[in-house]
Amino acid sequence: MPALTIFVASLPESATNERLEEIFSEIGPVKQCFVVREKGKCRGFGFVTYSMEEDAKRALKEIKEYDGKKLSLSVAKKKVNNKKKTGVY
């Protein structure tokens with residue numbers, strides 16, 4: 001089974017990588033986990049990758065909040081690397 005990454009939105013400004021991992025590791029082993037930060041503050045979202053797809057699917061159903069703040073979870077989309085420009089101008 002491939003790993004599955006979850007996009008976690010609606011995180012509080014005070015969110016930390018450690019706390020996010022603590023919450024999500026209650027479901028199963030977390031492969032990678034990070035809060036996106038700018039100028040030291042959480043931008044309101046982060047990503048959690050599970051080793052097992054089943055754990056990620058379970059987390060999508062079961063995890064609802066971060067320290068009392070309601071979260072919005074979805075399967076993360078693959079980043080499209082579109083640096084090459086092709087075509088005639």
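**View 1. Overall order of elements.** The chain has two helices and six strands, where helices (H or I, at least four residues) and strands (E, at least two) are DSSP runs numbered from the N terminus. This is a predicted model, in which local features need pLDDT of at least 70 and side-chain atom pairs count only at pLDDT 80 or more, while totals for chains, interfaces and linings use all residues. Residues are numbered from 1 along each chain as its sequence is written, and side-chain values use heavy atoms, with hydrogens and water left out. Of the 89 residues in the protein chain, 35% are buried (buried is under 20% relative accessible area, exposed over 50%, partly exposed in between; 1.4 Å probe, protein chains only). The accessible surface is about 6500 Å², and carbon and sulfur atoms hold 51% of it (Shrake-Rupley method, 1.4 Å probe; for residues, only the protein chains shown count as cover). Among contacts with a separation of 6 or more, 64% join residues 24 or more positions apart; contact means heavy atoms within 4.5 Å.

**View 2. Strand β3 and its two partners.** β3 pairs with β1 in the antiparallel sense over six bridges, and seven bridges join β3 to β2, also antiparallel; strands pair if DSSP finds at least two bridges between them. Thr 5 has Thr 49 in β3 as its bridge partner, and Arg 37 stands opposite Cys 42 in β3. Seven of the 10 residues of β3 are buried, so this strand is largely enclosed by the rest of the structure.

**View 3. Two loop residues with positive phi.** The hairpin of β2 and β3 has two residues between the strands, and Lys 39 in the turn has a positive phi of about 55°. Lys 39 is not a glycine; at 80% relative accessibility, this lysine counts as exposed. Asp 67, likewise not a glycine, has a positive phi of about 45°. Asp 67 is placed in the loop between β4 (65-66) and β5 (69-70) and counts as exposed at 51% relative accessibility.

**View 4. The largest nonpolar core.** This core has 21 residues, and those with the most contacts inside it are Val 8, Leu 11, Leu 20, Phe 24, Val 48, Tyr 50 and Ile 63. β1 (4-9), α1 (17-24), β2, β3 and α2 (53-62) each give two or more residues to the core. A nonpolar core is a set of buried Ala, Val, Leu, Ile, Met, Phe, Trp, Tyr and Cys residues joined through side-chain atoms within 4.5 Å. Neighbours within four places in sequence aside, the contacts of Leu 11 include Leu 20, Val 35, Cys 42, Phe 45, Tyr 66 and Leu 71.

**View 5. Arg 58 in helix α2.** Arg 58 lies in α2 and is partly exposed, with a relative accessible area of 36%. Its C-alpha atom is separated by 7.2 Å from that of Ile 27, 31 residues apart along the chain.

**View 6. The largest pocket.** The pocket has a volume of about 210 Å³. Its lining includes Ala 3, Leu 4, Thr 5, Gln 32, Phe 34, Phe 47, Thr 49 and Lys 77. β1, β2 and β3 each give two or more residues to the lining. On a 1 Å grid over the protein atoms alone, a pocket is an open set of points where a 1.4 Å probe fits, with protein on both sides within 12 Å along at least five of seven lines, and lining residues have an atom within 4 Å of a point.

Key
Points joined across faces, edges and corners; volume = space filled by probe spheres on them.
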